[in-house]
Amino acid sequence: MDFDSLKDAQTGLGTGAVIVMDKSTDIIQAISRFSDFYKHESCGQCTPCREGTTWMKNMMSRLVEGRGHQREIDMLLELTKQVEGRTICALGDAAAWPIQGLMRHFRPLVEQRIEEYRAAHGPVAFGGHLVSEMNDDLAVPDNLGARLQ
């Protein structure tokens, strides 16, 4: 394991920690746990980190069970890019990298989890709202993606 081989695999040592997991590890749950950690450790001084780690934690928590929309994967990736490189310390970068790596290497698994949840519970709008629980008598914003396939 050297710099060049890690670079070729589109990965790196990140913050310098190495965590070994076997194939039985739920990788989505593991990355969600990292998001919990980084949210907890954020001092809240910089807005991108304070807000970004909160959003990353919430989105990853929903993706563990698959309660999301396919388009939220790209939204989450965009969020990580808005945090990365825009904080006072390296915590924002460290919070973004595991999610970026998850989507780079395991995106089909995340998409499968979303599809399985959708098959069992019906369509999910942005933010994890089940379309079946939305009341059409109330004003529901169009930007929730509830009517998207």
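Author: In this predicted model, D93 is buried but takes part in no salt bridge. The side chain of opposite charge nearest to D93 is that of R86, 8.0 Å away. D93 belongs to helix α5. Leaving aside residues up to four places away in sequence, D93 touches V83, E84, G85 and T87.

Elsewhere, charged side chains do pair, and the count comes to 7 salt bridges. Residues three or four places apart in an α-helix point the same way, because the helix has 3.6 residues a turn. R107 is partly exposed at 22% relative accessibility, and E111 is partly exposed at 28%. Through shared partners, salt bridges join D74, R107 and E111 into one network.

A further pair is K57 with D36, whose closest N and O atoms are 4.0 Å apart. This pair links distant parts of the chain, since K57 is in α3 and D36 is in α2, 21 residues away. K57 has 26% relative accessibility and counts as partly exposed; D36, at 23%, is also partly exposed. R50 and E51 form another salt bridge, at 3.6 Å from N to O.

The buried residues of α2 are I27, I28, A30, I31, S32, S35 and Y38, and their cover includes α3 (47-65) and α5 (91-121). The 15 residues of α2 should span 21 Å at 1.5 Å a residue, and the end C-alpha atoms are 21 Å apart, which agrees. At the start of α2, a side-chain oxygen of D26 comes within 3.1 Å of the backbone nitrogen of I28.

A search of the whole structure gives 1 aromatic pair. It consists of F37 and Y38, edge-to-face, with 5.2 Å between centres and 70° between planes. Y38 is buried at 14% relative accessibility, whereas F37 is partly exposed at 45%.

As for the whole chain, it holds 5 helices and 0 strands.

Conventions. Residues numbered from 1 in each chain as written. Predicted model: local features only at pLDDT ≥ 70, side-chain atom pairs only at ≥ 80, totals over all residues. Heavy atoms only, no water. Helix = DSSP H or I, 4+ residues; strand = E, 2+ residues; numbered from the N terminus. Expected span 1.5 Å × (residues − 1). Buried < 20%, exposed > 50% of the residue type's maximum accessible area, 1.4 Å probe, protein only. Contact = heavy atoms within 4.5 Å. Polar contact = N/O pair within 3.5 Å; in protein donor to acceptor, adjacent residues only side chain to side chain. Lys, Arg positive; Asp, Glu negative; His and termini not counted. Phe/Tyr/Trp six-rings, centres within 6.5 Å; stacked < 30°, edge-to-face > 60°.
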